[in-house]
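Please read the following note beside the sequence and the model. The points are set out in order for discussion.

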Amino acid sequence: MNNKLKYHLYFPALAALLLSTTACTKGRNYNENTLETSTNLPASTSVITTEPEASMKESPIPTKVSYVNPSGTTLETRFQLPEGYTRLSYSKDSFGEFVRKYPLCEDGSEVLLYNGSKKGNQNAHIAIFDMDLVNDDLQQCADSVIRMYAEYFYKKKQYELMQFHFVNGFSCDFSKWSQGMRVNIDGNSTTWYQGAASDDSNKTLESYLRTVFCYASTLSLEEESKSIQLKDIQIGDIFIHGGSPGHVVMVVDVCKNKQKEKAFLLAQGYMPAQQFHILQNPQHTDDPWYYTKDLSNALDTPEYDFTMDELKRPTYIK
C-alpha cells in the first residue's frame with residue numbers, strides 16, 4: 001500500500017516538523033511536489049460500484065432493506081438499524097449523543113474539498129456531516145476527529161479538556177488560547193506568549209483549531225489514544241495508523257444485538273482537506289454498518305485498510 005504525505009508550508013520554521021503531518025491516500029503512488037491542493041483524488045479500486053449479476057432462477061426478488069431515511073437531518077434520524085440491533089445508550093450530555101445529533105448535509109450531497117470543488121471519489125460516502133472547514137488545505141483526517149471533540153468541549157465550555165498536542169509533544173490548550181496566549185515556534189521548540197486579549201468567541205476557536213491543524217497529525221493523535229478491544233468499541237473510538245503516511249477513521253455510531261455483537265458506522269476526513277463524511281462499507285454497499293462478527297484481522301474501508309490492533313480510544317474524555 002502506497003500512501004502520500006500530508007504537507008503544509010504555512011510555517012517555514014517548522015519544515016522538518018511538518019513532514020510528520022497526516023497522510024490520507026491509499027492505493028496510488030504520488031509525487032507530492034506535483035500534487036496541487038485542488039486536485040481531486042482518484043476513485044478507490046476497493047469500492048464496489050456494480051451489483052452482482054441477477055439470478056437466473058424465476059424466484060421473487062427479495063425486498064432490499066433501506067438503511068437510510070432521506071429526510072433524517074442527524075445521524076440518529078438518518079440511519080436505520082440492522083434488524084435485531086439497538087443503539088448503545090448514552091447520557092443526554094455525552095459525546096456519543098453529541099455525535100448522533102450532529103447535523104448532516106442533505107441526503108445525496110457530494111463531498112466538497114476545502115476550496116469548494118468536488119472530491120474525485122464520490123463512491124466512498126453515504127452521508128456528510130455539516131461541519132465547518134477552516135480555510136486552506138488543513139482540516140484533513142486527524143484534524144476532523146480533533147474538530148469533533150473540540151466542538152463538543154466548546155459547547156460544554158469544558159475548555160480545560162481541549163488539550164491537543166503538536167507532533168513535537170507540545171500541548172496546545174484552548175483554556176490558555178482563550179486567555180489571549182499564543183504560541184511561538186522556533187525550530188522544534190514551542191512556547192507560549194501573551195499575544196491577544198482574552199476571548200472565547202467562535203472566531204477564537206477557529207484560530208485555535210487552525211493552529212492545531214497545522215501542527216497535529218495522526219502521529220500526535222495516536223499518542224493521545226490507548227488501545228482497546230473490539231468488543232468494547234464505542235462512539236469516538238478510532239482506527240488509526242499513525243505516521244508519515246497515516247490515516248484515521250472515527251466510530252460515529254454503535255449498536256448491538258442480544259448476542260452482544262456490535263455494529264458501527266465510520267466517518268473520515270481525507271486529503272486534500274474535505275468535509276467529514278460517513279463511509280460506505282465496501283463489503284456490502286447496500287448496508288453501511290460494519291459488523292464486529294465479520295471482522296477478524298483487518299478492517300477494509302473504501303479508501304484505507306487497517307489492522308484490528310489499530311483500534312484505539314482518544315483519552316480526551318476521562
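1. Lysine 156 is located in the loop between α4 and β3 (163-165); helices (H or I, at least four residues) and strands (E, at least two) are DSSP runs, numbered from the N terminus. With a relative accessible area of 32%, lysine 156 is partly exposed; buried means under 20%, exposed over 50% and partly exposed in between (1.4 Å probe, protein chains only). From C-alpha to C-alpha, lysine 156 and serine 94 are 9.9 Å apart, although 62 residues separate them in sequence.

2. This is a predicted model, in which local features need pLDDT of at least 70 and side-chain atom pairs count only at pLDDT 80 or more, while totals for chains, interfaces and linings use all residues. Residues are numbered from 1 along each chain as its sequence is written, and side-chain values use heavy atoms, with hydrogens and water left out.

3. The count of aromatic pairs is 24; rings of Phe, Tyr and Trp (its six-membered ring) pair if their centres lie within 6.5 Å, with planes under 30 degrees apart counted as stacked, over 60 as edge-to-face and the rest as tilted. Phenylalanine 95 and tyrosine 152 are edge-to-face, because their ring centres are 5.4 Å apart and their planes lie at 75°. This pair joins helix α3 (residues 95-100) to helix α4 across 57 residues. Phenylalanine 95 is buried at 4% relative accessible area, and tyrosine 152 is buried at 8%.

4. The rings of phenylalanine 129 and phenylalanine 276 are stacked, with centres 5.3 Å apart and planes at 20°. Phenylalanine 129 is buried at 0% relative accessibility, as is phenylalanine 276 at 1%.
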